[in-house]
Number of protein chains: 6
Amino acid sequence: MSRPRILVINPNSNTTVTKGLEDALKPLNFADGPEIACTTLAEGPYGIESQADVDSVAMPLRRLIESDNSASAFVIACYSDPGLHVCREGTDRPVFGIAECGVLTAMTRAETFGVIAIAQRSIRRHIRYLRQMGLMDRLAGERPLNMSVAETASGEGTLAKMIEVGRALKEEDGAGAIVMGCAGMARLRRGLEDALQIPVIDPTQAATAMALGTVQLSRN
Amino acid sequence: MSRPRILVINPNSNTTVTKGLEDALKPLNFADGPEIACTTLAEGPYGIESQADVDSVAMPLRRLIESDNSASAFVIACYSDPGLHVCREGTDRPVFGIAECGVLTAMTRAETFGVIAIAQRSIRRHIRYLRQMGLMDRLAGERPLNMSVAETASGEGTLAKMIEVGRALKEEDGAGAIVMGCAGMARLRRGLEDALQIPVIDPTQAATAMALGTVQLSRN
Amino acid sequence: MSRPRILVINPNSNTTVTKGLEDALKPLNFADGPEIACTTLAEGPYGIESQADVDSVAMPLRRLIESDNSASAFVIACYSDPGLHVCREGTDRPVFGIAECGVLTAMTRAETFGVIAIAQRSIRRHIRYLRQMGLMDRLAGERPLNMSVAETASGEGTLAKMIEVGRALKEEDGAGAIVMGCAGMARLRRGLEDALQIPVIDPTQAATAMALGTVQLSRN
Amino acid sequence: MSRPRILVINPNSNTTVTKGLEDALKPLNFADGPEIACTTLAEGPYGIESQADVDSVAMPLRRLIESDNSASAFVIACYSDPGLHVCREGTDRPVFGIAECGVLTAMTRAETFGVIAIAQRSIRRHIRYLRQMGLMDRLAGERPLNMSVAETASGEGTLAKMIEVGRALKEEDGAGAIVMGCAGMARLRRGLEDALQIPVIDPTQAATAMALGTVQLSRN
Amino acid sequence: MSRPRILVINPNSNTTVTKGLEDALKPLNFADGPEIACTTLAEGPYGIESQADVDSVAMPLRRLIESDNSASAFVIACYSDPGLHVCREGTDRPVFGIAECGVLTAMTRAETFGVIAIAQRSIRRHIRYLRQMGLMDRLAGERPLNMSVAETASGEGTLAKMIEVGRALKEEDGAGAIVMGCAGMARLRRGLEDALQIPVIDPTQAATAMALGTVQLSRN
Amino acid sequence: MSRPRILVINPNSNTTVTKGLEDALKPLNFADGPEIACTTLAEGPYGIESQADVDSVAMPLRRLIESDNSASAFVIACYSDPGLHVCREGTDRPVFGIAECGVLTAMTRAETFGVIAIAQRSIRRHIRYLRQMGLMDRLAGERPLNMSVAETASGEGTLAKMIEVGRALKEEDGAGAIVMGCAGMARLRRGLEDALQIPVIDPTQAATAMALGTVQLSRN
């Protein structure tokens, strides 16, 4: 009997990000569990930064999911959860959004969570989404890195900046756990957690773990 | 290198329940993943039904967790999440409550969730806890089976009654997913889901899947 | 000096609906006020019923708005407020959604409002949106007509059914005002209000009135 | 056929304020629309600053409204919405409060709104009212000018102070739109909006626009 | 040293009601505690049933309180808490409203409370007030007696009707405690509590007990 | 006929604290009212500071209450309300928690309340409890003294520090009343209130006053 497959979709067309997701999810790719496969949405923009970026990938994600016959569950790997509801409408198979799962997972680790956003402009969209999910009571705060995506991709400076922002979330806003508000930062998770000494959640990992449980348990 | 271990604790002293947990969690016991071990709280009452039952196991659970040196994470497998906060205070290792994780997992599957409680008297305690978690906005309703624990343990009649109550939650209260509000009913999950045609969450499975993700990802 | 223009966009491609909007908005087309112009989104589906319908018009609406140089404000005339945030991102001119304005206007008339939806399946989407707007505290209830769009378009039977549903919202759910949860029902507003004896809000009219105020006042 | 009339009531006895309202509402006085008439509550105090001022005009406003036979709708033009509910009880004609309409209108323009109050002491009353309306989730903050009414009336210094306070609401509290928390400041609206580069709502204008829509649409 | 005095004000002019308050509060009139004095607001209507009744007594209550030099605290004994905020503004001495204290006291006795209103029309006003106080999360429901004040005053039939309504609040709405939503029903409290077997709160007694504590403790 | 008795239980084993409670409650010990008796929970820790301290006294409190035949009501005199629900389950007699009553009493005195905690680490537990009670909408803020229990017990320095923290709650957080978040500080209440010029609530006094009313009124 073949392994079921969880398809993790990077809605932007930057394959370096997809490769990073693959690396980040390797620990969940158990030999006797579901296969974790990552794919890139060809039609996606190079990065998802604006509301237009978010909305422009909703229908392409829906089509990708509808045309896929092999996956048992899907993960949409962008912290704005683009197309989540339209994808859910299009399939009976479970679809997980990383923002939703990242936040819900943080809530199992602390009374309140803080979010590190890449850019200031995303914060209103994120807050609107938290309100939509009915989860505002547990938000300590959200703060931006204010770096370009290119800068965040480059390395060490990013970790230092994340620690600075994470520390403000912890110490000034009272966050008990941190959600990394971006799909491409899993490699910094441990360093950030070590520095802050509170749980740090990579949302793609969190969503894929929830997908893993759902898929694996529905077989039995 | 040895496998990390997730310790799932049945806070009641009924070893049949513990055995049922083991069966329910087997699918998550990946050969190359953390070991899922189940244990019984010797000091626990035979069943956890009252607030006194809940509160009486809090400190024993804390002591069990503090005296354990081998687990990387803990799951408290009772739908009242007894001792959750006092256990978290006593260790740096993650502690998951099945009510918390069951509800949060249901929120990834539907707009609103319904809960099936064993007994009417538990519902106020559960609602108080949902309010504590700040999750009332997503609750469709909670309804009791009104069966004794002995009756629920016996079999077919339980599934029929769960389907009846689940249908009321779905059709009258508008629930889009169902949480089974008890640790010992995983074996009925699939039958209930097939009958209701909406996602049904076994909370112990949901919590253990979240623990699995957390443990596995913190190693890497 | 030419009159400023408010562009009311019917996001479905059914021009009969657009014609109905024109009729419904004539009273707001003051000779010495902004011109109220209605247009049809050519790319829209024939009716907007599913989440896919909603999401598929978001980017076309954005492009229509960005390519328009003559309007001073826009109204998106579909009760799901498709593309509202992406359109707002794309212009400095105000963009109004009829669901948002319909509900906010109802809140000026009564403690609580009820919503009449065309179809049961839309209600979860509407509730999710109310939660996003932070307006759930004032909702008395939402109930569906459970008619096809074709049936609702045909006439008298629709009014009778709306009165029946409106009465349930008023008497069983305690609604103090009713929002018609669809763009194409303005012609039934007065009949429904006369029957129910509580305020009935046509959302397109409500949104266009708010747009009118905004445009007219920003000139002075 | 004669034009219907919207009666805008200044609940304080300062006729300069009433004259200012007339000026501010002229753009909404369409030749083929309802007449916008402003009147002064003779029994009102010279300014409404305290809770006693607010409560002392409630019954006089009710009497004014009950004794008026010619208006189709009423606007109570004080940012504390004095007597709003008792006036609504006294007539079947719509009664609009400017605080309510100002805030609701701001919610069509931005995720969150900030309020500029004249005096610190009014803020608790305003917050209590926002809680009563169920609208706290969208409040970014409220900050006082801390000027006397005489000072605010005098001119340029007022605009400079409003810009300073508005900037704090925008930049420190994250407000996406500003509500001017007073009936007499419409003349500063545009200057404030130009300086802040986010929508600024004059509440009397907002309420009168909503009244205009309601009256005009109920005729047809 | 003379006893401090708590002045309980009946805002309606029905002295039979005032006499009933005196009887109901006798148990709190400790020889070595504050004197509990009851008075009638001469300007009040014969009964407070409408919003106009509520608002018309606000300023007379303020004047009564401001002209009183002998009381250490005040209780406004009408379940609409008329004039509560304007009275508080007018004195540094504590002013208690019976609706506020009745509900807060019920919250010490049960997870959720139900309210028995005299008339259907009052319920919206009461709900609006609960929202203002931020206490809706604990409301199980409010139901009317639908009796005239004259009928409720007459006796046995009132208790039977209250038991019927209280039972619906307990059994259908899930109320864990009942607040009697009227100032004049203390004599029925025990009978209702005996019948329902859940705590029943007379709001005037609750408010006066809180006033008693406040006054007595501020002396020491 | 003998006086009914209210049993105030100090859940820590420090009899100096119990003695302080006795002093603080003397004003409520009316000759013709219920007797106020204070007792020490022998099994309690010397102070209640951690979650373990809180949870370890729950069942001992339950046993104390169940074995007591003479009290008509109980007050649990620790600001974490340990064992409140399990005690309520174990008796039909009313059980009051001082945190609950302290906060509810503060809500009768001001729009928003602030809490002074002894230690930073308690604040999350207190906030979680406020969320459980559904009272977060009225919280202005909570701030810690950051003194050891020994230091707070010693005297003048404590008052000075409380005034400093209380001033921050009033001036920066906007608190309109202060709750002293500890059972042993009643002696400082008046000094703090005089300094801050807003109501200061000692929670044990507040709870005992509510118990007094409940007991006294149920006799009549």
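This is a predicted model: local features need pLDDT of at least 70, side-chain atom pairs count only at pLDDT 80 or more; totals for chains, interfaces and linings use all residues.
Residues are numbered from 1 along each chain as its sequence is written, chains are lettered from A and ligands numbered from 1 in the order in which they are written, and side-chain values use heavy atoms, with hydrogens and water left out.

**View 1. Chain F meets chain E through 39 residues of chain F and 40 residues of chain E.** The area buried between the two chains (accessible area, 1.4 Å probe, that two parts lose on being put together, summed over both) is about 3,100 Å². Carbon and sulfur atoms give 59% of that area. Phe30(F), Thr108(F) and Leu217(F) supply 20% of the area that chain F buries against chain E, more than any other three residues.

**View 2. Polar contacts occur between chain F and chain E in 10 residue pairs, both residues being at pLDDT 80 or more.** A polar contact is a pair of N or O atoms within 3.5 Å; within protein, one must be able to donate a hydrogen and the other to accept it, and residues adjacent in sequence count only if both atoms are side-chain atoms.

**View 3. Helix H10 (203-218) of chain F is among the elements on the side that touches chain E.** Helices (H or I, at least four residues) and strands (E, at least two) are DSSP runs, numbered from the N terminus. H10(F) gives the most to this side of chain F, with 9 residues.

**View 4. In chain B, strand E1 (residues 5-10) runs parallel to strand E2 (residues 35-40).** The two strands are joined by 6 bridges; strands pair if DSSP finds at least two bridges between them. Asn10(B) stands opposite Thr40(B) in E2(B).

**View 5. Arg88(A) forms a salt bridge with Glu100(A).** The closest N and O atoms are 2.8 Å apart. Arg88(A) lies in helix H4 (residues 84-89) of chain A and Glu100(A) in helix H5 (residues 98-106) of chain A, so the pair ties together parts 12 residues apart in sequence.

Technical notes. Contact means heavy atoms within 4.5 Å. A salt bridge is a side-chain nitrogen of Lys or Arg within 4 Å of a carboxyl oxygen of Asp or Glu.
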